[in-house]
Amino acid sequence: MRALVLLCCFVASLLLPGQAEEAEDVSEEAPLRDRSHIEKTLMLVEDKPADDYSAVLQRLRKIYHSSIKPLEQSYKYNELRQHEITDGEITSKPMVLFLGPWSVGKSTMINYLLGLEDTRYQLYTGAEPTTSEFTVIMHGPKLKTIEGIVMAADSTRSFSPLEKFGQNFLEKLIGIEVPHKLLERVTFVDTPGIIENRKQQERGYPFNDVCQWFIDRADLIFVVFDPTKLDVGLELETLFRQLKGRESQIRIILNKADNLATQMLMRVYGALFWSLAPLINVTEPPRVYVSSFWPQDYKPDTHRDLFLKEEISLLEDLNQVIENRLENKIAFIRQHAIRVRIHALLVDRYLQTYKDKMTFFSDGELVFKDIVEDPDKFYIFKTILAKTNVSKFDLPNREAYKDFFGINPISSFKLLSQQCSYMGGCFLEKIERAITHELPGLLGSLGLGKNPGALNCDKTGCAETPKNRYKKH
């Protein structure tokens, strides 16, 4: 111990006075950077009343409940896709999901965007894994913490379906209400960091299934990395498999970039692409933002202008998703309706084939097993493509129907031709009218600033398919 003390004194004596002062300055907090670009880009400084979209959302809910949900329930679509739409989901705000390894700055980034650092609202951050819960940051009149059990029990929120993941998960779900102007327009979800050396079962709940639930409902997905955590393990590979088909909503963030010199930053940027290339199999890779998303000023001798431009680009991206909230919601419901319609047509075709093949002496179980095992032999899928306006790229996996009919006997369904009533009309006609006229008409009315209750298809172009670059399912 005495030798160690003498060594420390010797090292201290070698420091020049100026160097000693510099060492003391390092311990001091770095100056905070200007936040004006955040408030300007996200339009937080504009003092204008929030847009009232209640009439449009009410019309959207009515279309869903009257034209889509009856067919969805009749053919048990939720048991095929495990995606039940609630009223809370239809009326919910855009959701921004933060994913990535542990301690890469996800919680710090949320604190920075909302200006919560050094306030009682801030999320806890640190060098070690600090976020062990799925944290939903939403708007409220005052600071309030909501337990996961309460969030799941509240049917007015969009989180009630999370109850199916069990009580262990609900104990790892927490909601935080914060009185912030940005949260009036968007909801943030912070997730536990990916830890590759930890077994999945140690979490005590189905982590990947929960991530998939949030991924399916997210309008924007930030996958955050930092220069020291670029390794790709089993858990990260699983996560990117779950993101397949959602590439248009993914934004890769290389955080803490001002910690690196220019040459090293270029190497890390290349290494990040090299690590992710096998996981993102698309022609156009997701946008990568390179900056440091935290309140301290950029470190000296770094690319301040570049980092600031990258940050503004990300904020513009976020603001665009917020501004397209209703368009995204309508397009999402329409795509859901298309999938429900295709599912109903396929079940109807399976049922019709089963009835055609049955004779007085046939064993019904064996007949249907033959149909399910080899649907191509009976032209199940080809018939749907030939007779209806269905894209082959929208057809479900054939294997999924083996499991579906294993749970739901074919005899429990009715033919589409029998799903009609004198007062209510036919289920198939109602969902087709919603897909081709009602939902596109509602979407067109937004651009024209019209009353959604009085639609004219001649002017709104009801037959046109709504285009949306942010929402893919």
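Q: How many helices and strands are there in the protein chain?
A: Happy to start with the overview: this is a predicted model. Buried residues make up 47% of the 473 residues in the chain. As for secondary structure, the protein chain holds 19 helices and 10 strands.

Q: Among contacts between residues at least 6 apart in sequence, what percentage join residues at least 24 apart?
A: Let's look at contacts along the chain. Taking those in the protein chain between residues at least 6 apart in sequence, the share that joins residues at least 24 apart is 79%.
For the chain's contacts, then, the value is 79%.

Q: Is P94 buried or exposed?
A: P94 sits in the loop between α6 (87–91) and β1 (95–99). Leaving aside neighbours within four places in sequence, P94 is in contact with R185, V186, T187, D219, V321, I322 and R325. Its relative accessible area is 3%, and buried means under 20%, so P94 is buried.

Q: What is the relative accessible area of T135?
A: T135 belongs to strand β2 (residues 134–139). Not counting residues up to four places away in sequence, T135 touches L123, I174, I176, F188, V189 and D190. T135 is buried, and its relative accessible area is 6%.

Q: At what angle do helix α10 and helix α11 pack?
A: Here we have α10 (residues 207–217) beside α11 (residues 234–242). From α10, the residues F207, N208, D209, C211, Q212 and I215 meet E235, T238, L239 and Q242 of α11. By class, this contact has four nonpolar, four polar and two charged residues. The axes are 10 Å apart, and the packing angle is about 35 degrees.

Q: Is the crossing of α10 and α11 left-handed or right-handed?
A: Handedness describes how α10 passes α11. With the helices packed at an angle of about 35 degrees, the crossing is right-handed.

Q: Why are the buried residues of α15 on the same side of the helix?
A: In α15 (residues 364–373), the buried residues are G364, V367, F368, I371 and V372. They are on the same side of α15 because they cover an arc of only 130 degrees around the axis. The face turned away from that buried side carries the exposed residues E365, L366 and K369.

Q: Which helices are included in what covers the buried residues of α15?
A: The residues being covered are G364, V367, F368, I371 and V372. Their cover includes α14 (325–357), α16 (380–387) and α17 (398–407).

Methods. Residues numbered from 1 in each chain as written. Predicted model: local features only at pLDDT ≥ 70, side-chain atom pairs only at ≥ 80, totals over all residues. Heavy atoms only, no water. Axes fitted to C-alpha atoms, helices over the stretch in contact; angles between N-to-C directions. Helix = DSSP H or I, 4+ residues; strand = E, 2+ residues; numbered from the N terminus. Left-handed = near helix turned anticlockwise from the far one by under 90°. Contact = heavy atoms within 4.5 Å. Nonpolar A, V, L, I, M, F, W, Y, C, P; charged D, E, K, R; others polar. Buried < 20%, exposed > 50% of the residue type's maximum accessible area, 1.4 Å probe, protein only. Arc of directions from axis to C-beta.
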